[in-house]
Amino acid sequence: MGMVLLAALLWGTTGTARALGPAGAAPLSVGAVRIAIGGALLVAIALGRGTLVSRRWPLGPALLGAVGVAVYQLSFFEGTARAGVAVGTIVAIGSAPAFAGLFAFVTLGERPTAYWTLATAIAVAGVVLLVLPSGVAGLEPAVILLPLVAGAAYAVYATASKRLLREGDSVAVAAIAFGGGAVVLSPVLVLADLSWLGEPRGLAVAVWLGVAATAVAYLLFMRALSRLPVSEGATLSLAEPLTASLLAAIVLGESLGPSQLAGAALVAAGLVLLARAGRHA
């Protein structure tokens, strides 16, 4: 449990870290650099352990995991840049379990229970409150689409990774997803303006995001996912949006209006119910 909690705390720093980077650091380039560093480090560790090329991995889940990682990075960083770190992170992470339940129903034929439906309805209501143009945030509904895409992409990545964990160890699975994601995002690195990496602040942000918030965090998460039920991992991962909200308020001066605060509480309540539903499934 401690590994998932620590991973979630590290993930919760990503939006604030990007916001603290140089002004010229475009969100898309930050996401691509993060995955390039983290993916390269994970692949190097897996190769050193001899677990990456020692078996034949199923192509479908491997590709889905890589694409899910790539899409998540692009949509998450752009989404938090437009919607704000706190709201963007809460919507992205808060919507992922609901998407995962939907994907399981479509692809695996798992019918949702009444418990799951109630939990999802509560979480969706929270998302609606988060995007209402009230309070300080004053968000337009269209702005929230990118965090929602990020939530769906995260669900794709998590589902594919769970399948890959049947074939090999957690380090190799993380290397496949993030090494593949780095390859998918390589055109962004070629086309993007990376001059911000020449600034000390930009380099520090890139190293933190790539090493701590990606390589270390996902090694912890994958190791825990191979041992813990997904429901427990989902409950502990609530530390991510809570961390993001706290950092956004303290470090960036962001604030949430009454409806956004109520929405955040509903999203959290929905996630807790989703975790409990997993125990009773």
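**Close-up 1. Helix α8 passes helix α10 in a right-handed crossing.** A crossing gets called right-handed if the near helix is turned clockwise from the far one by less than a right angle, and left-handed if anticlockwise. This is a predicted model, where local features need pLDDT of at least 70 and side-chain atom pairs count only at pLDDT 80 or more, while totals for chains, interfaces and linings use all residues. Residues are numbered from 1 along each chain as its sequence is written, and side-chain values use heavy atoms, with hydrogens and water left out. Helix α8 covers residues 170-184 and helix α10 residues 200-225; their axes come within 9 Å and cross at roughly 130°. Axes here are lines fitted to C-alpha atoms, for helices over the stretch in contact, with angles from 0 to 180 degrees between N-to-C directions. That angle makes α8 oblique to α10 (under 35 degrees is roughly parallel, over 145 roughly antiparallel, 65 to 115 roughly perpendicular, and the rest oblique). On the α8 side, look for Ser170, Val171, Val173, Ala174 and Phe178; α10 brings Thr214, Tyr218, Leu219, Met222 and Arg223 to the contact (heavy atoms within 4.5 Å). Sorted by class, that's seven nonpolar, two polar and one charged residues. Nonpolar takes in Ala, Val, Leu, Ile, Met, Phe, Trp, Tyr, Cys and Pro; charged is Asp, Glu, Lys and Arg; the others, Gly among them, are polar.

**Close-up 2. Helices α3 and α4 also meet in a right-handed crossing.** Their axes come within 8 Å and cross at roughly 140°, so α3 and α4 are oblique to each other. From α3, the contact uses Pro27, Leu28, Val30, Gly31, Arg34 and Ile35, and from α4 it uses Val69, Gln73, Leu74, Phe77, Glu78 and Ala81. Eight of these residues are nonpolar, two polar and two charged.

**Close-up 3. Threonine 51 sits in the loop between α3 (27-49) and α4 (59-83).** Threonine 51 counts as buried because its relative accessibility is 16% (buried is under 20% relative accessible area, exposed over 50%, partly exposed in between, with a 1.4 Å probe and protein chains only). Leaving aside residues up to four places away in sequence, threonine 51 touches Ala46, Trp57, Asp169 and Ala172.

**Close-up 4. Stepping back, the protein chain has 13 helices and zero strands.** Helices (H or I, at least four residues) and strands (E, at least two) are DSSP runs, numbered from the N terminus. Of the chain's 281 residues, 50% count as buried. Among contacts with a separation of 6 or more, 89% join residues 24 or more positions apart.
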